[in-house]
Every structure is written in C-alpha cells, then in structure tokens.
Amino acid sequence: MSGRTGNASATSSINVNIVHTYRGDLKVDLVAPDGTLYNIHNRTGGSADNLTGTYSKNLSSETLNGTWKLRVNDNAAGDTGYINSWSITF
C-alpha cells in the first residue's frame, strides 16, 4: 500500500480463500507493515476442507502505508494447500 495517509479502519475486513485438505491444521495471521500480527484463524474447524470467509479486525492503530502480508502456517503433516486469494479493505 502506498500513497495513502492516516491509519486503517477500526472495522477493516480481510477476505481469505485458502484451499487446504484439513483447515484445522492452519494458523492464519495478517501481518501489518510494522510487523504486528493479527490472528484470523487458529487451528479450528477440524477435518473440514478449505478456509474461506471475511474477518473483521480493528486495525486503527496501524498506518495504511506499507506492505501488508497474509501469513499461513500448516501446523501438521500430511495435508496440502495454497492461498487461492486474499484481500483487505480498510
């Protein structure tokens, strides 16, 4: 994100579409430009496939400018997946 002034919104939305064969293995964090982590998903959902949805977070303490990242950890062996898409709306 560049060319924006001010901070993110208190009602920012993060939309994720992660294809995975066991979503209970996944830990998903939004990483702010300053390195602060905002947890979106933490190893819930059991053996169901895929993680899709929109999550609301208060990001008002974060400046808009900088590189925002989505970090996904697969915390178990035996299943595979990938980030199909993700977006953030401030």
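A nonpolar core is understood here as a set of buried Ala, Val, Leu, Ile, Met, Phe, Trp, Tyr and Cys residues joined through side-chain atoms within 4.5 Å. In the predicted model described here, the largest such core has 15 residues. The members with the most contacts inside this core are Val 16, Ile 18, Val 28, Leu 30, Ile 40 and Leu 59. Strands E1, E2 and E3 (37-42) each supply at least two residues of the core. In soluble globular proteins, nonpolar side chains tend to be buried together. For Val 16, the contacts beyond its neighbours within four places in sequence are with Leu 51, Thr 52, Gly 53, Tyr 55, Leu 70, Ser 85 and Trp 86.

With regard to overall architecture, the protein contains 6 strands and 0 helices, and its elements follow the pattern β-β-β-β-β-β along the sequence. A box of roughly 45 × 20 × 20 Å, taken along the principal axes, is filled by the C-alpha atoms. Of the 90 residues in the protein, 27% are buried. Among contacts with a separation of 6 or more, 74% are accounted for by residues 24 or more positions apart.

Strand E2 was examined together with its pairing partners. Because 5 of its 6 residues are buried, E2 is largely enclosed by the rest of the structure. E2 and E5 run antiparallel and are joined by 6 bridges; within this pairing, Lys 27 is placed opposite Asn 73 in E5. E2 also pairs with E3 in the antiparallel sense, over 5 bridges, and Val 31 stands opposite Leu 37 of E3. The hairpin of E2 and E3 has 5 residues between the strands, and in this hairpin Gly 35 adopts a positive phi near 95 degrees.

Asp 29 lies in strand E2, which spans residues 26-31. With a relative accessible area of 1%, Asp 29 falls under the 20% limit and is therefore classed as buried. Beyond residues up to four places away in sequence, Asp 29 touches Leu 37, Tyr 38, Asn 39, Ile 40, Lys 69, Leu 70 and Arg 71. One of these residues, Asn 39, is also joined to Asp 29 by a side-chain polar contact of 3.0 Å.

The structure holds 2 salt bridges. Side chains of opposite charge can pair when their charged atoms come close. Asp 29 forms a salt bridge with Lys 27, in which the closest N and O atoms are 3.0 Å apart. Lys 27 has a relative accessibility of 24% and so counts as partly exposed, whereas Asp 29, at 1%, counts as buried. A salt bridge is also formed between the side chains of Asp 29 and Arg 71, at 3.4 Å from N to O. This pair links distant parts of the chain, with Asp 29 in strand E2 and Arg 71 in strand E5, 42 residues apart. Arg 71 is likewise assigned to the partly exposed class, because its relative accessibility is 35%. Through shared partners, the salt bridges join Lys 27, Asp 29 and Arg 71 into one network.

The structure holds 1 aromatic pair. The pair is formed by Trp 68 and Phe 90 and is tilted, with a centre-to-centre distance of 5.1 Å and an angle of 55 degrees between the planes. Distant parts of the chain are linked by this pair: Trp 68 belongs to the loop between strand E4 (51-57) and strand E5 (69-74), while Phe 90 belongs to the segment after strand E6 (81-89), and the two are 22 residues apart. Trp 68 has a relative accessibility of 10% and therefore counts as buried.

Phe 90 is also among the residues touched by Ser 9. Ser 9 is located in the segment before strand E1 (12-20). Leaving out residues up to four places away in sequence, the contacts of Ser 9 comprise Lys 57, Asn 58, Leu 59, Ser 60 and Phe 90. One of these residues, Leu 59, is listed among the core members with the most contacts. Ser 9 and Ser 61 are 52 residues apart in sequence, and their C-alpha atoms are 8.5 Å apart in space. A polar atom of the Ser 9 side chain lies 2.9 Å from the backbone nitrogen of Thr 11.

Notes:
Residues are numbered from 1 along each chain as its sequence is written. This is a predicted model: local features need pLDDT of at least 70, side-chain atom pairs count only at pLDDT 80 or more; totals for chains, interfaces and linings use all residues. Side-chain values use heavy atoms; hydrogens and water are left out. Helices (H or I, at least four residues) and strands (E, at least two) are DSSP runs, numbered from the N terminus. Contact means heavy atoms within 4.5 Å. A polar contact is a pair of N or O atoms within 3.5 Å; within protein, one must be able to donate a hydrogen and the other to accept it, and residues adjacent in sequence count only if both atoms are side-chain atoms. Rings of Phe, Tyr and Trp (its six-membered ring) pair if their centres lie within 6.5 Å; planes under 30 degrees apart count as stacked, over 60 as edge-to-face and the rest as tilted. Buried means under 20% relative accessible area, exposed over 50%, partly exposed in between (1.4 Å probe, protein chains only). A salt bridge is a side-chain nitrogen of Lys or Arg within 4 Å of a carboxyl oxygen of Asp or Glu. Two strands pair if DSSP finds at least two bridges between them.
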